[in-house]
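Hi there,

Here is the structure I promised to pass along. Have a look at it first, and then read on for what turned up.

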Amino acid sequence: MDNKPRVNDKDVLPKLDLEKGELNVPSGEDWVMISGEALRRVYEHEVTILGTGAFVIWYNAGKAVGKTEGAKFAGLVNTLGIDQLAQELSRTYAQLGWGRIEIRDIDIMRNEITIILRNSPMVRGVSDKEPRCWYVRGFMEGIVSVILGVEATAFELACEAVNRDRCEFKVSWKLPTSPPDETKSLSLGK
Ligand SMILES: [Zn+2]
C-alpha cells in the first residue's frame, strides 16, 4: 500500500458555498465556523445555569456527533488498518482546530485506546479543578463505537484545564459476544 492519505482533505474539510452562505462537506453536513471563545462561553453559561446537567448535554451531543463522524470513516478501517486511520483522523481534526491529537496504545485485543489531546479549544486559557471535556469524551465514545463496531466507553483521566499539559482519554469496550462481523476491525488482528 502506498503512503498516500486516504482520508482526503477535500472529503472532510468544509467548503464555502457563497451563494447560500453555507459551509458544507461532501457527505452533506452543514458546518459553521464558531470562535473558540463562543464555544467556551456557551459551555461556561450552561454550567453556571444548569450545573452538572450541562455535562450531560455536552456529553450526549458529543457522542451523537462522534457517531455521525464515525460513519464517514468506518469503511476505511479494513483498507487502512486502525493505526493508520487513527493517524489520519488526528491530522483531520487538528486541521479543524481541535488541537494536537496523539493516539497511543491502540490495542484491539486489550480493547483499549489512549488518546492524548493537547490545546483543545474547550480548555485553551481555562483553569478548572476537574476534567471538563465532556463533549470530547462523548465524541470519542461515538466515533470509536461506530468505527470499531463496538459499544465504547470513554473516561477523561487527565485534563489540560487542571494540569496545564494535556487531556488524556481512555476508551475501552467489551468484545462482542457473537462472532465478529468480518467487516469490522476486530477481525484485523492489528
Ligand atoms: Zn480536558
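Strands β1 and β2 pair in the antiparallel sense, with three bridges between them. Within that pairing, lysine 15 sits opposite asparagine 24 of β2. Please keep in mind that this is a predicted model.

The pair belongs to an open sheet of three strands, ordered β1-β2-β3 and with antiparallel pairing. At its edges are β1 (15–17) and β3, each of which pairs on one side only.

Next, the loop between β2 (22–24) and β3 (30–31), where you will find serine 27. Is serine 27 buried or exposed? Serine 27 counts as exposed, because it has 11 C-beta neighbours inside 10 Å and the cut-off for exposed is 12 or fewer. Serine 27 can also be placed relative to proline 14: the two are 13 residues apart in sequence, and their C-alpha atoms are 9.9 Å apart in space.

Now to the helices. The axes of α3 (residues 53–73) and α6 (residues 134–148) come within 6 Å of each other and cross at roughly 30°. α3 is therefore roughly parallel to α6, since angles under 35 degrees count that way. As for handedness, α3 passes α6 in a right-handed crossing. Which classes of residue make up the contact of α3 with α6? There are 16 nonpolar residues in it, along with seven polar and five charged ones.

Best wishes

Methods: Residues are numbered from 1 along each chain as its sequence is written. This is a predicted model: local features need pLDDT of at least 70, side-chain atom pairs count only at pLDDT 80 or more; totals for chains, interfaces and linings use all residues. Helices (H or I, at least four residues) and strands (E, at least two) are DSSP runs, numbered from the N terminus. A residue is buried if 20 or more other C-beta atoms lie within 10 Å of its own, exposed if 12 or fewer, and partly exposed in between; C-beta atoms are placed from the backbone. Axes are lines fitted to C-alpha atoms, for helices over the stretch in contact, and angles run from 0 to 180 degrees between N-to-C directions. Angles under 35 degrees count as roughly parallel, over 145 as roughly antiparallel, 65 to 115 as roughly perpendicular and the rest as oblique. A crossing is left-handed if the near helix is turned anticlockwise from the far one by less than a right angle, and right-handed if clockwise. Ala, Val, Leu, Ile, Met, Phe, Trp, Tyr, Cys and Pro count as nonpolar, Asp, Glu, Lys and Arg as charged, and the others, Gly among them, as polar. Two strands pair if DSSP finds at least two bridges between them.
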